[in-house]
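Subject: Structure handover

Hello,

I am passing this structure on to you. Please open it alongside this note; what I found follows below.

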Amino acid sequence: MSPLSRGFHRRRQDPGENAGRIPPGQYLVKDFPVLSAGPTPHTALDRWSFSVGRGGQQKTWSWDEFRALPSQDVTVDIHCVTKWSKLDTAWQGVSVDTLLDLAGQDGPFAMAHCDGGYTTNLPVADLTGGKAWVAYAYGGQPLEPEHGGPARLLVPHLYFWKSAKWVRSLELRDTNDPGFWENYGYHIYGDPWREQRYAGD
Amino acid sequence: MAGTALRGRLTWQLAKVSAVCDETASVRTIMLDVPDWPGHEAGQHLDVRLTAEDGYVAERSYSIASAPGEPVAITVERLDDGEVSPYLTDELRAGDELELRGPIGGYFVWGPGDGGPLLLLAGGSGIVPLRAILRHRERTGSAVPVRLLYSSRSLDDVIYQAELDRPAPGVEVIHTLTRHQPPGWAGYARRVDAALLGEVAWPAASMPLTYVCGPTSFVEAVSQALVQSGYPPLRVKTERFGATGGT
Amino acid sequence: MEALDGNAIGGLLHEVFDTEMTGAATVCGHCGDARPVAELVVYRQAPGTVVRCRSCENVLMVFVRAHGRTCVDLQGLAALG
């Protein structure tokens with residue numbers, strides 16, 4: 001280990017009674033850090049659409065249609081691979097269960113495609129059973145572009161790089177192909193409770 | 001541009017803080033004793049690495065504030081929500097060790113052989129590498145004409161104020177104070193814009209060499225305005241710092 | 001959170017290439033824009049570091065540090081050095 005820096009410690013909140021909700025290696029934050037791999041896309045709502053399915057057989061919703069779908073208010077803890085965790089974050093969105101039911105399709109795996117070109121892969125089993133949403137509001141307000149608005153994927157039980165910002169489609173696939181970060185050595189699955197940050201963890 | 005330590009391994013080494021000097025209420029210069037320092041060029045930076053007892057590691061880059069030949073020094077601005085900068089400005093003291101590597105950078109550097117006339121544009125803490133350039137110019141006896149335009153929030157935020165109030169011959173220092181001005185202030189009192197640059201910058205025909213440093217938004221606005229006014233992009237060098245709360 | 005430029009990854013690049021790289025010439029593989037590394041757009045807070053073309057925003061370089069190793073992808077560049 002490198003030589004210790006006298007008196008230096010990370011900026012952190014004492015988790016106190018919430019310590020059991022912080023996965024290993026994480027620290028609690030009160031703000032909401034913005035991390036990006038590129039410029040913030042700004043997609044006009046009248047050009048926005050969301051699709052689910054495979055190839056030519058996709059179910060697509062316009063913004064108005066999407067907002068008319070049954071939605072849920074959820075409060076979840078989120079964990080970023082860069083080690084910050086934020087508890088009790090409040091979101092509103094459409095459950096991925098709802099979207100897959102309406103699309104009438106399934107498959108073992110999904111690739112999320114986003115404005116700006118970002119992708120991330122997930123097993124469909126981790127998107128269903130009430131574990132994932134396409135969220136368009138945070139903290140009671142429309143989701144801001146820097147946090148992924150108009151809408152982002154929300155999959156809180158995995159590291160937050162899987163909760164893809166600016167999501168536009170879930171493409172169903174038969175193989176678990178790696179997305180953007182997974183290609184560069186991030187873990188293919190990403191369970192924060194097993195500290196699956198990188199391939200080989 | 002040949003320089004020191006451009007090739008070969010860049011290794012972390014342990015330096016000792018020899019002195020600290022508060023420049024403003026939120027800015028401190030840290031003077032360092034670096035046993036294996038290979039020398040540096042004006043404009044280069046170094047990386048600092050801090051390790052906490054629990055193994056947490058944080059790394060940051062800081063421009064070198066001193067000229068080649070002077071003891072290594074960095075100038076750090078405390079960011080309110082920062083993790084590393086408050087430690088360096090408030091906690092670190094003479095006698096402490098600091099792990100660092102450097103010097104780094106071969107693009108944003110100036111030496112007398114690069115000529116001029118020089119136009120230096122600083123936004124906030126962007127003044128740091130430009131001050132190294134000014135000190136290097138003076139130490140080498142260079143006669144290259146210099147104009148420094150330095151944007152700060154207020155006079156209290158001006159770093160190296162005493163030094164910049166007594167510039168070397170051939171150096172003009174122009175301040176703009178964007179938020180608060182002292183009573184009787186007759187200088188610029190706004191963010192740098194095309195009109196201000198038009199009054200301060202060397203004419204494009206004089207083939208100036210330009211260095212712009214500061215928050216990203218400052219660097220983008222200023223460099224774009226210069227290029228639009230006819231400055232050749234190849235002779236406008238830029239270095240963007242993270243947003244520091246703006247000037 | 002604002003993007004930085006290639007100066008900010010001078011140390012990382014020197015570590016990876018064993019030489020100073022901020023002044024190295026680059027050509028974007030997508031749009032052909034040519035400029036030194038120092039003038040590229042750098043995103044450092046994402047998991048890993050992403051370097052993009054200043055002209056077309058295409059990804060030029062990606063660096064991910066994990067398990068003491070740095071994974072480097074330069075596929076977006078048509079030329080470097």
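Two strands count as paired here if DSSP finds at least two bridges between them. Please keep in mind that this is a predicted model.

**The sheet of chain C**

With that rule, chain C has an open sheet of 5 strands. The order is E1-E4-E5-E6-E7, and the pairing is antiparallel. E1 and E7 of chain C are the edge strands, as each pairs on one side only. Further in, E5(C) and E6(C) form an antiparallel pair over 4 bridges. Look for C:Val51 there: C:Met61 of E6(C) stands opposite.

**Chain C against chain A**

Which strands of chain C face chain A? Strand E5 (49–52), strand E6 (59–66) and strand E7 (69–73) of chain C each give two or more residues to the side that touches chain A. The contact joins 15 residues of chain C to 15 residues of chain A. E6(C) gives the most to this side of chain C, with 3 residues. By type, the chain C side that touches chain A holds 9 nonpolar, 3 polar and 3 charged residues.

**Chain C against chain B**

Here 18 residues come from chain C and 22 residues from chain B. On the chain C side, strand E1 (4–5) and helix H1 (10–17) each supply at least two residues. H1(C) gives the most, with 4 residues. The chain C side that touches chain B divides into 5 nonpolar, 7 polar and 6 charged residues.

**The two domains of chain B**

Chain B is divided into domain 1 (13–104) and domain 2 (112–241). Their C-alpha centres lie 24 Å apart. In the contact between them, 16 residues of domain 1 of chain B meet 13 residues of domain 2 of chain B. On the domain 1 side, strand E1 (13–24) and strand E5 (73–77) of chain B each supply at least two residues. That side of domain 1 is made up of 7 nonpolar, 6 polar and 3 charged residues.

**The largest nonpolar core**

The largest nonpolar core has 126 residues. Which of them touch the most other members? They are A:Val134, A:Ala135, B:Leu120, B:Leu130 and C:Val42. Domain 1 (13–104) and domain 2 (112–241) of chain B both give residues to this core, so the core lies between them. As general background, nonpolar side chains tend to be buried together in soluble globular proteins.

C:Val42 deserves a look. Leaving out residues up to four places away in sequence, C:Val42 touches C:Ala3, C:Leu4, C:Asp5, C:Gly6, C:Ala8, C:Ile9, C:Thr49 and C:Val51. Of these, C:Val51 is the residue that stands opposite C:Met61.

Best wishes

Technical notes
Residues are numbered from 1 along each chain as its sequence is written. Chains are lettered from A and ligands numbered from 1 in the order in which they are written. This is a predicted model: local features need pLDDT of at least 70, side-chain atom pairs count only at pLDDT 80 or more; totals for chains, interfaces and linings use all residues. Two residues are in contact if their C-beta atoms, placed from the backbone, lie within 7 Å. Ala, Val, Leu, Ile, Met, Phe, Trp, Tyr, Cys and Pro count as nonpolar, Asp, Glu, Lys and Arg as charged, and the others, Gly among them, as polar. Domain bounds come from an automatic or database domain assignment. A nonpolar core is a set of buried Ala, Val, Leu, Ile, Met, Phe, Trp, Tyr and Cys residues joined through C-beta atoms within 7 Å. A residue is buried if 20 or more other C-beta atoms lie within 10 Å of its own, exposed if 12 or fewer, and partly exposed in between; C-beta atoms are placed from the backbone.
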